[in-house]
Every structure is written in C-alpha cells, then in structure tokens.
Amino acid sequence: MMNNDFAVIAQHISKIYRIYDSKGDRLKDLIGLKNAGEDFYAIRDISFSVRKGEIIGLLGLNGSGKSTLANMIAGVSVPTKGTLTVAGKPSMIAISSGLNNNLTGIENIDMKGLMIGMTQREINALKNDIIEFADIGRFINQPVKTYSSGMKSRLGFAISININPDILIIDEALSVGDSTFSNKCLERINSFRERGKTIFFVSHSISQVRDFCTKAIWLEFGRIRAFGLTDDVIPMYERFIRTYNGMSAEERREYKMNLPH
Amino acid sequence: MAMTQSTAAFAELEEENKLVFGCENKGAGYLYAFYIYLNDTLIEKIPYSPKCRTVFWATLSGKYYAVVFVKNTLAGGKDRFKTNELIYQAEEGSLEAPSRPKKTVWENSMEILKETVLQFPMIFRLALFDYKLENQDTYLGRLWNILTPLIQIGTFWLVFGIGLRQGNNVGEVPFVIWMVCGLIPWFFINQTLVKGATSIYAKANTLSRMKFPLVTLPLERTLVEMFEHLMMLVILFIMLFCFGYYPNWHWFNLIYYIIYTACFLTGLSLITSVFTMFARDFSKLLQSLTRLLFYLTPILWDMGRMPEFYQKIMLLNPIYYSVTGFRESLLYETSFWESPDKAAFFWTINILLFLAGSTLQVKFRDQFIDLL
C-alpha cells in the first residue's frame with residue numbers, strides 16, 4: 001500500500017488518553033479493580049496522506065490535537081488505534097527540546113547522536129556545524145541548565161536539523177528565539193524544502209503557515225476539519241477564528257457540544 | 001420555498017478527497033452560502049460570499065452533498081438548491097480502524113530479541129557514554145566508584161569478620177577474601193537491580209522528544225553497571241594476589257558467570273522497569289527488597305551453620321548461583337559445567353524472565369511516553 005511517493009499515511013488513527021480524577025482511581029483501573037478512568041480522545045479517527053516533499057501546516061486552536069499528531073508522526077508516541085506509516089527518519093524540534101540539563105552542550109550533542117544510532121566519528125563530523133549553527137559561544141561547554149531558554153531552543157534546533165532527517169517536525173519552535181535566529185532557521189528549512197524533504201509545521205501563526213506551507217491540516221477537537229491546499233484551508237480557518245473569537249464563553253461551549261460526532 | 005434539485009447546483013470530487021460544491025454564476029449582486037452535509041448531517045456552514053464555488057476536503061467516508069443558498073442583494077429574493085449527492089470513500093474504505101493482530105508470547109520475545117540485536121551497537125556506545133558520565137560531577141570522579149565499595153568491604157569485614165566470626169576462616173579460606181568474592185558480584189547485582197527498575201523512567205525526560213527504542217534501556221543499564229563491575233574485578237584480582245591466590249584457567253568461568261548474571265538482571269529489569277513506569281512506588285519497594293535479599297543470601301555468612309531446609313531453598317536463588325559461582329571459580333577451582341543441573345535450572349529461569357519481560361514491554365511500551 002505504501003508507495004514510494006508518500007511520506008506519511010495515516011489510516012483511522014486515534015490517540016486516547018485515560019484520565020482519572022484521583023491517583024486512587026488510576027490505581028484501581030491499573031490493577032483492574034474497577035473501570036475508573038475516562039477516555040479522552042486527543043485525536044479521533046483521522047486519516048490523511050502526505051506526499052514526499054510537501055510542507056504541511058498544522059492549524060487549530062489550543063487542545064485541538066496538533067502536538068499530539070506531531071508527536072505521533074515523530075514516532076515519540078504511538079496511536080492507540082489505527083495505523084500510521086512514516087517513511088524515513090523523522091526528527092522533531094520543539095520548545096522543550098529534550099536536552100539533558102545536567103550535561104553540557106557538547107555532551108548533549110553526543111548523547112542525542114548516539115541515541116539515534118550514530119557512531120562517535122559521525123557525530124564528530126557534524127559537531128562543528130551544530131555548534132556554529134547554535135551560536136552559543138563558550139556556553140557549549142557549560143551544563144545546559146545554565147542556558148537561557150533561547151539558547152536551549154537554538155541548540156535543540158541545531159541538533160535536530162543537522163542530523164539530516166527525512167521528515168522534519170517543527171512544533172512551535174520558531175516562536176522562541178530572536179528574529180535573527182528564526183530567519184536563519186527559516187533559511188535552513190527552505191534548503192530542506194528544496195531538497196524535497198517533508199516538513200510538518202505546527203504554528204499558531206497563520207501568516208507563517210501561509211508563507212511557508214504547501215498544504216494545511218486544520219484540526220478541531222481531535223478531528224480533521226479541513227485538509228487541503230493552504231490557499232483553500234487558510235481562508236476557512238481565518239473565517240472560523242474570526243467567528244470563534246467573537247463568541248462568548250457560553251457560545252464556545254455550545255459550539256463544542258454541537259459538533260458532528 | 002421549495003427546494004429544487006436542479007442542474008443549477010453541483011458537487012464534484014476533484015482529486016483525492018477534494019470536494020467542490022458550486023452553482024451557476026448569476027452575475028453581479030448575488031451572494032452564495034453553502035451548507036455541507038455528510039450522511040444528512042450538517043457538517044460545515046460557509047457564509048454568504050460572492051464566490052459561487054467552494055472546496056471541502058473530505059476525511060470521512062460517506063454521502064456528501066451541499067445546499068446552496070443564493071441571495072440577490074439588489075432585487076431582493078432568496079433561493080436554495082440542493083446539489084447532487086457524492087459518495088466519498090476514504091482510503092482503505094472502512095470506517096473501522098484496521099485491527100492489530102494479537103501476538104503470542106513467542107512472537108513478542110522474538111520481536112524484542114531482534115530489536116536488541118539490531119540496536120546492540122547503539123546500546124553499547126550509549127552505555128559506554130553513560131559510564132563515562134557517571135561520577136563526573138564530583139572532584140574525585142571515578143575514584144569514588146572504587147572508594148565506596150572499598151569502604152563497604154571494610155565495614156562488613158569489621159562487623160562480620162572480626163566481630164561476629166572473630167577472625168575465623170571459612171573452611172580453609174580467609175574470611176575476608178571469601179567475603180569479597182561474594183560482595184563484588186553482589187555490588188553488580190545490587191546496582192543493576194535498583195537502577196534497572198528506573199532505567200526507562202530516568203531517561204524518559206530526554207526521550208520525550210525523540211524516537212527511541214525504550215525497550216533497550218534495561219540492557220543499556222546492565223551494560224553500564226557491568227563496565228563498573230569489570231573495574232571492580234581488578235580490585236578483586238589484586239586482593240586475591242595478596243592472599244596468595246594466583247590465576248588459573250578456572251578463573252575463566254567468571255566470563256560465564258558475568259554473562260549469566262547480566263542476562264538474569266536484564267530479564268528482571270525488563271519486568272521491573274514496566275512496573276516502575278506505572279507506579280514509582282515500585283522502585284522504592286524494590287530497593288528495600290534488595291536490601292533484604294542481601295542479608296538472606298549467603299554473601300556475608302556461610303551456609304554451613306544453616307538448617308538443611310534453608311540450604312535447599314537457597315539453592316533456588318539465582319543470586320546465590322552467581323555468588324557461589326564466583327567463589328567456586330576463584331577459590332575452589334570448580335567449573336560451571338560440573339553442575340549442569342543447576343545451569344539448566346537457572347538458564348530456564350532466565351528464559352522465563354525474558355519471555356515475561358518482553359511480553360510486558362510489548363504490551364505497554366506504546367504507553368510509556370504518555371505515562372510521564
């Protein structure tokens with residue numbers, strides 16, 4: 001079924017979290033005493049396919065499931081139901097970049113590299129590029145806990161993008177850091193695009209998605225509200241945002257209730 | 001106002017899942033709104049605009065159609081048209097999620113085994129890296145890895161050797177060397193038991209943003225502790241020289257016993273690391289149990305004076321097998337193949353632990369990241 005053109009094929013995937021009112025309920029559910037928890041669908045039965053080389057924007061309100069979906073594509077978490085096929089090596093860039101605070105910048109580069117299966121020699125070959133891109137000067141030999149949040153995300157970004165992934169997933173990562181750095185990132189992402197790599201781009205900034213993405217997935221409460229060319233999806237999303245922003249809290253609740261299930 | 005199903009409004013499937021709804025362009029002054037239905041349920045409202053076409057990206061299978069509202073803003077007047085119906089079939093064509101095949105214990109274990117073998121170079125390099133990092137934030141650094149056990153050995157020797165035994169030998173062997181031959185493997189076992197349980201949990205923070213085979217972490221932890229253990233063996237050998245024990249080919253049995261112990265500990269950690277992911281209490285409990293196990297196993301005291309029943313029970317203790325293994329090969333010139341029944345029994349336990357551990361891992365590993 002997977003043919004060579006596709007980077008990602010999702011078939012009826014759902015991500016279900018069990019939520020509990022208390023630790024006691026959790027324990028009861030765990031040992032099978034009682035069905036205490038409740039299912040929460042972060043992603044509910046969605047299907048889509050993405051061709052290689054497409055830049056997909058993930059749009060949606062907070063809690064719509066964007067990050068959950070991004071995590072699943074990155075292979076960090078696994079769908080509860082359905083099948084998600086990802087062709088190639090994914091790499092994720094997120095605000096909390098998963099660096100180890102007690103290790104120095106250099107050690108973090110080593111560790112991340114080892115964890116994705118590189119040898120020390122391969123890592124050393126990339127090290128200079130990463131350090132140069134992250135541009136954190138002498139701090140590279142200091143523990144990451146001494147870094148500013150901007151430095152952390154720059155290092156995280158530099159590692160993720162220099163390990164040459166096939167699929168890059170960017171989760172809100174460009175919203176931190178100054179404009180010089182985010183421009184540098186955009187440049188690098190553009191060079192990725194030119195090499196025909198697939199990129200997923202989670203952002204609240206409609207203009208970034210418009211400038212950058214070929215297609216967009218609009219998620220709403222865990223479902224796909226729209227999936228298509230950016231030019232088709234963004235106007236719908238903007239219209240929705242305008243209406244939604246104009247709603248009172250009461251109306252918003254009602255809106256959530258009345259969605260087709 | 002009657003709803004006309006007419007050629008004035010249409011629905012088309014343009015490509016993949018792109019549905020286009022539209023109606024004929026009536027010219028200036030007209031506005032068009034669309035209500036899109038899936039299986040007769042309204043799923044999307046598109047308000048009045050001068051555009052007479054709209055696009056909808058279908059994601060769910062079913063029957064689609066739209067009702068187009070046409071409003072004349074100049075002359076007044078409204079009309080509505082229903083488009084033709086379209087059946088859209090989502091890829092694979094079923095609304096049910098494809099079911100995942102249930103796997104047998106054997107298949108689970110083979111999966112884990114295959115993954116471990118494939119990832120072994122990575123695990124080994126990572127373990128070496130972690131080993132180098134440990135104790136890095138102290139001034140004396142790796143020296144502590146040797147100092148801490150030496151101080152413990154000294155304490156136990158004072159309390160058990162001088163105090164309780166009043167310096168008596170164990171058979172013909174000086175107590176201190178007899179004790180150290182049991183303590184050194186115990187240090188390995190103790191560290192791995194405790195840290196193996198938290199092996200996945202402790203690393204999970206760093207892993208929450210990347211794809212990583214979590215199932216390999218118990219083995220990685222065992223390897224880190226094994227490197228430590230190999231350093232300790234150097235101390236052990238030096239002590240043996242001092243007491244007049246010189247290397248002979250029986251010492252090569254240690255390789256067998258170290259591999260056996262590493263497999264046992266990895267199997268056990270596969271299980272305990274899953275429990276720890278669900279409840280951190282488990283690792284606390286395990287710490288206490290390990291301490292208890294230390295005093296129950298004849299590491300500091302010799303079995304000779306125990307009731308026969310207890311001695312029989314102790315023969316079933318995997319840790320006792322490692323500890324006696326070390327003593328037999330280093331002090332009593334005995335090899336492991338001289339008791340094949342024991343070897344068969346303890347390797348069966350190892351296999352059972354691995355089968356249970358890999359089943360648990362396969363069953364729960366998809367949830368690990370979500371449990372943090």
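Of the 261 residues in chain A, 43% are buried, a value that, like those that follow, is computed from a predicted model. The secondary structure of chain A comes to 9 helices and 9 strands, and because its radius of gyration of 20 Å is close to the 18 Å that the globule rule gives for 261 residues, chain A is as compact as a globular protein of that length. Taken along the principal axes, a box of roughly 55 × 50 × 45 Å is filled by the C-alpha atoms of chain A.

Within chain A, an open sheet of 3 strands runs in the order E2-E1-E4, with antiparallel pairing. Strand E2 (38-51) and strand E4 (81-86) of chain A are its edge strands, each pairing on one side only, and the twist averages 20 degrees from one strand to the next. In general, the strands of a sheet pair through backbone hydrogen bonds, in either a parallel or an antiparallel manner. Strand E1 of chain A, which spans residues 6-19, pairs with E4(A) in the antiparallel sense over 5 bridges, and A:Val8 has A:Val86 in E4(A) as its bridge partner. Helix H2 of chain A, residues 66-73, lies across E1, E2 and E4 of that chain and runs at about 125 degrees to E1(A).

The largest nonpolar core holds 133 residues, of which A:Leu58, A:Phe200, A:Phe201 and A:Ile217 touch the most other members. Its largest share, 15 residues, comes from helix H3 (residues 175-197) of chain B. Domain 1 (4-88) and domain 2 (105-371) of chain B both give residues to this core, so the core lies between them. The centres of these two domains of chain B, taken over C-alpha atoms, are separated by 70 Å. Returning to A:Phe201, and leaving aside its neighbours within four places in sequence, this residue is in contact with A:Ile55, A:Ile56, A:Gly57, A:Leu58, A:Ile170, A:Val209, A:Phe212 and A:Cys213.

In chain B, helix H7 (residues 281-296) contains B:Arg291. This arginine, B:Arg291, counts as exposed because 12 other C-beta atoms lie within 10 Å, the limit for that class being 12 or fewer. Although B:Arg291 and B:Asn190 are 101 residues apart in sequence, their C-alpha atoms are 8.3 Å apart in space.

Technical notes. Residues numbered from 1 in each chain as written. Chains lettered and ligands numbered in written order. Predicted model: local features only at pLDDT ≥ 70, side-chain atom pairs only at ≥ 80, totals over all residues. Helix = DSSP H or I, 4+ residues; strand = E, 2+ residues; numbered from the N terminus. Buried ≥ 20, exposed ≤ 12 C-beta atoms within 10 Å, placed from the backbone. Pairing = 2+ DSSP bridges. Axes fitted to C-alpha atoms, helices over the stretch in contact; angles between N-to-C directions. Contact = placed C-beta atoms within 7 Å. Core = buried A, V, L, I, M, F, W, Y, C linked by C-beta atoms within 7 Å. Domains from an automatic or database assignment. Rg over C-alpha atoms; globule rule 2.2 N^0.38 Å.
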